[in-house]
Amino acid sequence: MQTALAPVLFLPHGGGPLPLLGDPGHAGLTRFISNLGTQLQQELSKPTAIVVISAHWEETIPALTANNSTHLLYDYSGFPAESYQLTYPAPGAAQLAANIAEKLTEAGFTPQLDKNRGLDHGVFVPLLMLRPEADIPVLQISLLKGLDPAQHIALGEALAFLRRQNVWIVGSGMSFHNMQAFFRPDLVSKTQIDAFNQYLITSLSPERDYAEQADKLRHWLDAPYARLMHPREEHLLPLHVCFGAAKGSPAELLFNDDVLSKTVLAFGWF
């Protein structure tokens, strides 16, 4: 791994709090993210902050949490009582939010600072595995409601400066997110999932230059079974933000394994 730039990570966050509750269908994912966190802690310097783009926050314009303390949004229902007692007392990053907002404005966005919103489970679930110490300031950035892939790549490109400031960028979503199919195995086959995943893998191949990779991600609906994998693409678009933020660094396939019996991917740029 190179250490000149902070890492960019696209991570699957699984189903609600299940990765943290010992769910067998998430065992591989929990082990992967926990081991990745240990590896990064051993190989890289302590980050100055962690910026997370979660599939679970959408606004018309880019919004950023801008408080110096954080609280959690338990934005799930029907889980055991312990899942509503989870804590992640990381500090916030109000000044960093203001700095990012300035860069987003320069890039043609109209960002807003949100001083009230908490961190949703797309943030705290993976971070409890990746950085359980909760000792790094955390800031969340929303997706854009239009769900335009080109806009999300551009959003990522505007965040690329953070890597030079030793800020980790994490996209939290899922490469597969057909909720019905998690409960009905007959709806989607492994062959179909593998075909879609291969589109993503080859799209990010180092054999393609950045412009070619961007074109493939902008046209992700051309992938086999794309709409079957994502009836709505909010869980895929954090990948586009990560891609833009990595700005030409080669992608590494970090995880290609089952979550709830569906194969999902994780990528890293180092």
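**Exercise 1.** Does glutamate 234 count as buried or exposed? Then work out where it sits and what surrounds it.

*Solution.* Keep in mind that this is a predicted model.
- Step 1: Start with the cut-off, which is that buried means under 20% relative accessible area.
- Step 2: Glutamate 234 comes in at 10% relative accessibility, so it counts as buried.
- Step 3: To place it in the chain, look at the loop between helix H8 (226-229) and helix H9 (237-246).
- Step 4: Now check its side chain, which makes a polar contact with the side chain of arginine 232 at 3.2 Å and another with the side chain of histidine 235 at 2.8 Å.
- Step 5: Skipping residues up to four places away in sequence, glutamate 234 touches Ala55, Glu58, Leu143, Leu147 and His177.

**Exercise 2.** Why is helix H3 described as largely enclosed by the rest of the structure?

*Solution.* 
- Step 1: Count the buried residues: in H3 (residues 121-130) that's 10 of the 10, so the helix is largely enclosed.
- Step 2: Find the packing partners of those buried residues, among them strand S1 (8-12), helix H1 (27-43) and strand S2 (49-59).

**Exercise 3.** Which residues is serine 83 in contact with, leaving aside neighbours within four places in sequence?

*Solution.* 
- Step 1: Go to the loop between strand S3 (63-65) and helix H2 (94-106), where you'll find serine 83.
- Step 2: With 0% relative accessibility, serine 83 counts as buried.
- Step 3: Leaving those sequence neighbours aside, its contacts are Pro17, Leu21, Tyr74 and Tyr76.

Key:
Residues numbered from 1 in each chain as written. Predicted model: local features only at pLDDT ≥ 70, side-chain atom pairs only at ≥ 80, totals over all residues. Heavy atoms only, no water. Buried < 20%, exposed > 50% of the residue type's maximum accessible area, 1.4 Å probe, protein only. Helix = DSSP H or I, 4+ residues; strand = E, 2+ residues; numbered from the N terminus. Contact = heavy atoms within 4.5 Å. Polar contact = N/O pair within 3.5 Å; in protein donor to acceptor, adjacent residues only side chain to side chain.
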